[in-house]
Amino acid sequence: MMVRHASLWQDAVRLLLLIDAAAKPVGDDSEAPPSAVGIVRTQVRLQKLDFWVRYPDYLANELLNEYESHPDSPGLVDEAERILSSQEPDLRRFPMLRHRFGAFEQLDNALSVLVERGLARKHDRLGERRVLQHNYYLLEKGQRTAVDLLREAPALGWYGDRTRTVVALVDSLGGSHIKARQYLQREYADTPIGSYIPAITEQARRRLAEVRAAVPSPTAREELVR
Amino acid sequence: MTATVSPAAVQTWTPPSPGELLATAATKSSATVADVETVLREFGITLPSPIPPHRRIKVLRLRVEGVKKTGEQINIDRRLDAGVWAIMHPSNSAGKTSLLEFLVWALRGRTRDLPNHVKAWVRRIAVDVTVSGQHVRVVINQDVSSGRPHVTAVLLSADTEGQMLAATDGELRMLVSADGEEPVEQLIGAFMRESLGLDSTELWNKSGGLDGEGAAQVHGWPAYFGAVYLNPGGDKLLLGDVPGALPAKLLELFIGIPYTSLLTHLSAAKKRHTKSTNQAAHRADQDRTIRGQERAQWKRELEGTRRQLAAAQRAVSPLAEVALAAVDAALADLRAARDAYTAAEDAQQAAEQVWLLSEQQLMDARETEEARRVLGRLSPTCCSRCEMPFEQDRYSVERQDASCAVCTRPLPPVDPELTAARLVELEEQVRDSRETRQQAKAHLDACAGEAADAQRRHEAAVLELNNVSVARAYQAMRDLDLKAARLEGQLQATGSDDGGEPAQPNRSEQILLTFHSVVEGTVQEAAKNLFPDLNQHIVELARTFGVADLDSVNIQRNGRINAIKDGEKTPFDDFSRGERLRMRIATVIAMLRISTRRGAASHPGLLLIDAVGAEEVTTEPGRKLIMALRDLAEELPALQIILTTATPPLIDGLLSDERIITNDGDHMF
């Protein structure tokens, strides 16, 4: 079976919107380019955020995990259900290879599209213990373009929503933590290095049904509130 | 006249005591004496003394008061005593027998042969009699004032003969009275029997009893009276008026054979028991028969059931085969449906993939187009590698030469119409693949429904198979199995076909039978010892009485005398009428004589004989008889004979006048 690959333009747009959603204020970063308006630290973090955008079933599953950790947020279950009850997991999936430390795909080609148009910049620096750390800067033009994209390209609207959802989910988590969470998925952990990570749509749907049996659907909740 | 038999010979045998009988029976039945006594009590048997009581009847006075139909008064008053007395009148129907019957009425309790019209004349009969030492006046009153005769009786007692003879009724002690003909008979019978020490004799009547299967017939005083009132010559019975075993019993009783009455009680008890045993056995037989029939029925049912069972077992296979074929067919359908479903599932998945791919392609195209539109209009500002700004010249060259400002290769032409056409094409593919996907899904659902139906049909067929092989045939077999087991159990529980052994007599019955055999043995022993003596006396007396040519008799306990006359066996029936009477008289006197010599007169001594000489052609044999009797009366003081005769020459000169009761008129009274 042919493995679906996104076009360079798709990758570029997804990466731009992801950086836009995940970027933190630059602050007094002396290495930041003059027009930088935000920074996404570490490639690992960016790769993992990208994984959840490219695998909606894993995202839904993670939402259910989050719900079990925070049972006072039934909205997480609703969001998971919205994903799993549609064709989205199949339609939106862009498979990634399992690498040693998890899902990974070279982002340099897509990034170059952003870089040459002055939308983003990548900066490598020597971090602690002499490990190379990749930081991604969102430039002012990139931020404006992200706004333009959502306004002018309705077919890309989904990415705007999804990247914000993914970022909100893992906002407080570091890259290693995210990786650890991803590894909690047996299918993901069992995937041989160098193979495409398989879908978990059906498992996630079954799990949703179990959780839903204990949590009323949104309609039912409204009924209760009244 | 003296008997030729030595009295010593008679005394050689003495009967065993009751205690000895008990001991013998106890030994023979391996029981204790107490056990035997208990059993006898159980059967209502009491042991009598082996020594017969002294029996004596002496009539002292006969008084009869009455009124004939003509109104003529009857007033008879005759003194009587031991010895020979004759009621004599030459005319027939003069009332000789009636006069004797008046005496019979008072002594027997009931008349024997008194014409009714004469009986109706009677108002009062009073007989003074000594019965075994008791002085008793028996008074029978008949009141005819109401039109129907009403009989009452009273027994009065005196201390002495003289007192009795002299006293009026009112001066005597009243012993007992009875009202009515039957009670009068019972009263007199009971008094006489008990005074003479006679048990009622029980003789078994095979057809007696309410069920007609046998009962003891009780013979009371009237039966014993047959040894007092001798049958007339024409009668064929030796003694008494009841044919059968009674004459022999009277013989045994009045000769004084010990325990003879006990034996009759034992025999009756034994036969009573045999009857009940027989009836029980009969019932058991019936039970066995019924059970046998039941068992036969059960056996037939069992065989039938086994046949049905075998047939059912054979029948199961074809039934199951039909059901099995249905199951196979349903299974084939199910497999086909499942194959179709699998194919539909593959097709559906393929369609799903096609649709997904088309959707993805459309999505990718749209996203790419839009991304390209937005991002593409942004001119490169720097090198994506070194991130350094491009020189402005590059942009000029790009626009002029349509070569890439970054990599200097010619820019690919971008035709917006082509892009739009491409999107339209992709959208059509999506629509097409979506429809295919929907149809594939519908087909899959249909196949799923078909598979579910086939599944249900298969399950139904399997259930039917179970119904056939288990629920129906197997249940039927199981019912038959249970039925067979129940029948086998019934057959086993009811034992063998012969119904088992008949019940054995119990201990009490065994002891009774043993005691009976002991007593019977004793009675036989006594008879063996006493009868030869009796035989000799009978022969001697009979010869004296004029029975010609009698060689011997051999009386048996069955009452047969087995006479031999002139060297030939002669049945009693073949004796002449006169001879039969003489044989009777000889027998009774022989009994009296023998028992008197043994120390206790077993016979009461009273003999009533009607119509002596009536059958004689000549008077001489009759005179010989009277003479002999007169002589015997001297030998035996207890003997009192009252006879009637219509032949005056018979007694003429042989009896004194006061011993001849007669009347000069046409009638005796």
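This briefing walks through the contact between chains A and B, two helix pairs in chain A, and the make-up of chain B. Please keep in mind that the model is predicted. Chain A gives 23 residues to the contact and chain B gives 22 residues. Within chain A, H1(A) crosses H8(A) with a right-handed sense, whereas the crossing of H3(A) and H4(A) is left-handed.

**Where chain A touches chain B**

- The contact draws 23 residues from chain A and 22 residues from chain B.
- On the chain A side, at least two residues each come from helix H1 (8-22), helix H5 (88-91), helix H6 (108-116) and helix H7 (140-152).
- Sorted by class, the residues of chain A on this side are eleven nonpolar, five polar and seven charged.

**H1 and H8 of chain A**

- H1(A), one of the helices that supply residues to the side touching chain B, also packs inside its own chain: its axis and that of helix H8 (residues 157-169) of chain A come within 9 Å and cross at roughly 45°.
- Because of that angle, H1(A) counts as oblique to H8(A).
- The handedness of this crossing is right-handed.
- From H1(A), the residues that meet H8(A) are A:Val13, A:Arg14, A:Leu17, A:Leu18, A:Ala21 and A:Ala22.
- Their partners in H8(A) are A:Tyr159, A:Gly160, A:Thr163, A:Arg164 and A:Val167.
- This helix contact has seven nonpolar, two polar and two charged residues.

**H3 and H4 of chain A**

- Helix H3 (residues 56-69) of chain A packs with helix H4 (residues 75-84) of chain A at an angle of about 160°, and their axes are 8 Å apart.
- That angle is why H3(A) is described as roughly antiparallel to H4(A).
- H3(A) and H4(A) cross in a left-handed way.
- H3(A) brings A:Pro56, A:Leu59, A:Ala60, A:Leu63, A:Leu64, A:Glu66 and A:Tyr67 to the contact.
- H4(A) meets them with A:Leu76, A:Val77, A:Glu79, A:Ala80, A:Ile83 and A:Leu84.
- The class count for this contact is eleven nonpolar, no polar and two charged residues.

**Chain B as a whole**

- Chain B has 16 helices and 16 strands.
- Of its 669 residues, 37% count as buried.
- Among contacts in chain B with a separation of 6 or more, 70% come from residues 24 or more positions apart.

Notes:
Residues are numbered from 1 along each chain as its sequence is written. Chains are lettered from A and ligands numbered from 1 in the order in which they are written. This is a predicted model: local features need pLDDT of at least 70, side-chain atom pairs count only at pLDDT 80 or more; totals for chains, interfaces and linings use all residues. Two residues are in contact if their C-beta atoms, placed from the backbone, lie within 7 Å. Helices (H or I, at least four residues) and strands (E, at least two) are DSSP runs, numbered from the N terminus. Ala, Val, Leu, Ile, Met, Phe, Trp, Tyr, Cys and Pro count as nonpolar, Asp, Glu, Lys and Arg as charged, and the others, Gly among them, as polar. Axes are lines fitted to C-alpha atoms, for helices over the stretch in contact, and angles run from 0 to 180 degrees between N-to-C directions. Angles under 35 degrees count as roughly parallel, over 145 as roughly antiparallel, 65 to 115 as roughly perpendicular and the rest as oblique. A crossing is left-handed if the near helix is turned anticlockwise from the far one by less than a right angle, and right-handed if clockwise. A residue is buried if 20 or more other C-beta atoms lie within 10 Å of its own, exposed if 12 or fewer, and partly exposed in between; C-beta atoms are placed from the backbone.
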